[in-house]
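User: Hi! I'm new to protein structures and would like to learn how to read one. Can we go through it feature by feature?

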Amino acid sequence: MKLIIIDDERIARSELKFLIKEVNTKIECFEADSVESAISILKNIELDGAFIDMQLPDGMGLDIGRYIDENISPRIPIVFATAFDQYALDAFSVSAIDYIVKPFRKEDIYRA
């Protein structure tokens, strides 16, 4: 399984990757720190899911969710992993299966 973690904070990406690997060591994680870098990865690697932060330096995580739905596949599960709870309803306008709020817990990752 291949996942992408999209967050502008390196520490948040590392924490999320660590927790994902605790759930399943066979998951391969790719990392992006912006909308632009995420779309570049999405164009070149076939992924099975995405963990996306909401606020990025060059746009919103929802932009990436829409890109996945419209250009990759609406069947790719998206988990929004963010510090902002006010976007939760908007997140489900794309293929979001969950919405977790920082600080992340292993239980949240396992559920997602």
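This is a predicted model: local features need pLDDT of at least 70, side-chain atom pairs count only at pLDDT 80 or more; totals for chains, interfaces and linings use all residues.

User: What span should helix α3 have, and what is the distance between its end C-alpha atoms?

Analyst: Helix α3 covers residues 61-72, which is 12 residues. At 1.5 Å a residue it should span 16 Å, and its end C-alpha atoms are 15 Å apart, so the two agree.

User: Next, the rings. How many aromatic pairs does the structure hold?

Analyst: A pair of aromatic rings is described by the distance of the centres and the angle of the planes. This structure holds two such pairs. Phe-80 and Tyr-99 make a tilted one, with 6.4 Å from centre to centre and 40° between the planes. Phe-80 sits in strand β6 (residues 78-82) and Tyr-99 in strand β7 (residues 96-101), so this pair ties together parts that are 19 residues apart in sequence. Both Phe-80 and Tyr-99 are buried.

User: And what about Phe-84 and Tyr-87: what kind of pair do they form?

Analyst: Theirs is edge-to-face, at 6.2 Å centre to centre and with 70° between the planes. Tyr-87 comes out at 17%, so it is buried.

User: How do I read a pocket?

Analyst: Rolling a probe the size of a water molecule over the atoms shows where empty space is left. Here, the largest pocket holds about 240 Å³ of space. It is lined by 16 residues, and the closest to its centre are Met-1, Leu-3, Phe-51, Ile-109 and Ala-112.

User: Which element gives the most to that lining?

Analyst: That's β3, with three residues. At least two residues each come from α1 (10-23), β3 (49-52) and α5 (106-111). Sorted by class, the lining of the largest pocket has 13 nonpolar, two polar and one charged residues.

User: Let's stay with β3. Is Ala-50 buried or exposed?

Analyst: Ala-50, which is found in strand β3, has a relative accessible area of 3%, so it is buried. Setting aside neighbours within four places in sequence, Ala-50 is in contact with Leu-3, Ile-4, Ile-68, Pro-77, Ile-78 and Val-79. One of these, Ile-68, is a buried residue of α3.

User: Now a loop, please. Where does Asp-58 lie?

Analyst: Look in the loop between β4 (55-56) and β5 (59-60). Asp-58 has a relative accessible area of 38%, so it is partly exposed. Take Ser-34: it is 24 residues from Asp-58 in sequence, and their C-alpha atoms are 6.2 Å apart in space.

User: One last thing: which residues does the cis peptide bond join?

Analyst: Lys-102 and Pro-103, with omega at about 0°. You'll find Pro-103 in the loop between β7 and α5.

Methods. Residues are numbered from 1 along each chain as its sequence is written. Side-chain values use heavy atoms; hydrogens and water are left out. On a 1 Å grid over the protein atoms alone, a cavity is a set of points where a 1.4 Å probe fits but cannot get out, and a pocket is an open set with protein on both sides within 12 Å along at least five of seven lines; lining residues have an atom within 4 Å of a point. Grid points are joined across faces, edges and corners, and a volume is the space filled by probe spheres set on the points. Helices (H or I, at least four residues) and strands (E, at least two) are DSSP runs, numbered from the N terminus. Ala, Val, Leu, Ile, Met, Phe, Trp, Tyr, Cys and Pro count as nonpolar, Asp, Glu, Lys and Arg as charged, and the others, Gly among them, as polar. Rings of Phe, Tyr and Trp (its six-membered ring) pair if their centres lie within 6.5 Å; planes under 30 degrees apart count as stacked, over 60 as edge-to-face and the rest as tilted. Buried means under 20% relative accessible area, exposed over 50%, partly exposed in between (1.4 Å probe, protein chains only). The expected span of a helix is 1.5 Å times one less than its number of residues. Contact means heavy atoms within 4.5 Å.
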